[in-house]
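Please consider the structure shown below together with the numbered points that follow it. Each point takes up one part of the chain.

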Amino acid sequence: MDAYREFVRRYEDALGTILPAPYPRDFSPPPMPAANAPVALLFSPHPDDECITGTLPLRLQHEAGARVVNIAVTLGSNPARRPQRVKELENACALLGWDLEIHGWTGLTPEAIASQEPHPQNWLGSVVEMLNRWQPRWIFYPGEGDWHPTHRAVHQLVEKALPQAALRSPPIRVQTEYWQPLTAPNLLVECPPEDLARLVAALCCHTGEIARNPYHLTLPAWMADNVRRGAERVAGPGQPVPDFKFGTLYRVEPGLPQGWKAIMSDGTQFCS
């Protein structure tokens, strides 16, 4: 039993780690996108969602030269925290090397999105305008069944805006998960340790949130469990676990584009 107790003790100690405030100089500078770089729009219901679901955007940035634009849809439900959350969000996106658009809408619920009444904040028109302006190659947004009502509202809003946008080519739609697993994920993306370290550091910029709930310390464990689930959810029951430790699950629609690979029984990894 001693070996098992020691394993659990070390795990518990790791979850009590005090991480220092991140400094961008501690990481290699993010790549600068080219002027004509393809755009990945990441619709984040709350500040910090960009870090939690950011594996694939980060890899597209590094490996496909993408320009990642984080759309901060809301600034959370606590008005007193919003000014600080703006600063935290700016620091996180600077560390990741991502562009940032802050909208900070309030009252965003599935019921409000479903209403036929136009909203004073013009949510739908604003998202259509963003799509037209950025002409994204990739769009990231929460899955339909995500538990949190703001996440579900963002899903419905993006789905409602897409048919109204004047897009030159159909974007690759990538649904994310966090509060609720995706019903049918079809892509498991490896998060290399260096990328995971950067995402954890960016999450540490959200100081007020991780003080309330230190989920920055459990992000690696969540990604490890994604690999456990994803090996069989994507490749099929009984398939072997791939040879990497950390990953994120996504639902890509209308399907995996040419050149993208889901986790298969031979351990094939994501490639851009």
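1. Glu-63 and Arg-59 form a salt bridge, in which the closest N and O atoms are 2.7 Å apart. A salt bridge here is a side-chain nitrogen of Lys or Arg within 4 Å of a carboxyl oxygen of Asp or Glu. Because Glu-63 and Arg-59 are 4 residues apart in helix α3, about one helical turn separates them. Glu-63 is partly exposed, with a relative accessible area of 39%, whereas Arg-59 counts as buried at 7%. Buried means under 20% relative accessible area, exposed means over 50%, and partly exposed lies in between (1.4 Å probe, protein chains only).

2. The model is a predicted one: local features need pLDDT of at least 70, side-chain atom pairs count only at pLDDT 80 or more, and totals for chains, interfaces and linings use all residues. Residues are numbered from 1 along each chain as its sequence is written, and side-chain values use heavy atoms, with hydrogens and water left out.

3. How many of the residues of α3 are buried? The helix is mostly covered, with 7 of its 9 residues buried. These are Thr-55, Leu-56, Pro-57, Leu-58, Arg-59, Leu-60 and Gln-61. After α3 comes Gly-65, which has a positive phi, near 65 degrees. Helices (H or I, at least four residues) and strands (E, at least two) are DSSP runs, numbered from the N terminus.

4. Arg-10 pairs with Glu-6 in a salt bridge whose closest N and O atoms are 3.0 Å apart. Arg-9 pairs with Asp-13 in another, with a distance of 2.6 Å between the closest N and O atoms. An α-helix has 3.6 residues a turn, so residues three or four places apart point the same way. Side chains of opposite charge can pair when their charged atoms come close.

5. Arg-10 counts as exposed at 57% relative accessibility, while Glu-6 is partly exposed at 29%. In the other pair, Arg-9 is partly exposed at 40%, and Asp-13 is partly exposed at 42%. The structure as a whole holds 17 salt bridges.

6. A nonpolar patch on the surface is formed by Phe-7, Val-8, Tyr-11 and Leu-15, which together have about 400 Å² of accessible area. Patches are made of residues with over 30% relative accessible area and no salt bridge; like charges are joined within 9 Å, and nonpolar side chains (Val, Leu, Ile, Met, Phe, Trp, Tyr) within 5 Å. The areas come from the Shrake-Rupley method with a 1.4 Å probe, and for residues only the protein chains shown count as cover.

7. Which residues of α4 are buried? They are Arg-85, Glu-88, Leu-89, Ala-92, Cys-93, Leu-95 and Leu-96. Seen down the axis of α4, these buried residues fall within an arc of 155 degrees, so they line one face of the helix; the arc is that of the directions from the helix axis to the C-beta atoms. Pro-83 and Ala-94, on the other side of α4, are exposed. The cover over the buried residues includes α2, α3, β2, β3, α8 and α9, where contact means heavy atoms within 4.5 Å.

8. His-216 lies in the loop between α9 and α10 and is buried, with a relative accessible area of 8%. Leaving aside neighbours within four places in sequence, His-216 is in contact with Leu-19, Val-200, Leu-203, Cys-204 and Ile-210. Gly-143 is found in the loop between β4 and α7 and is buried at 3% relative accessible area. Not counting residues up to four places away in sequence, Gly-143 touches His-155, Gln-175, Thr-176 and Leu-182.
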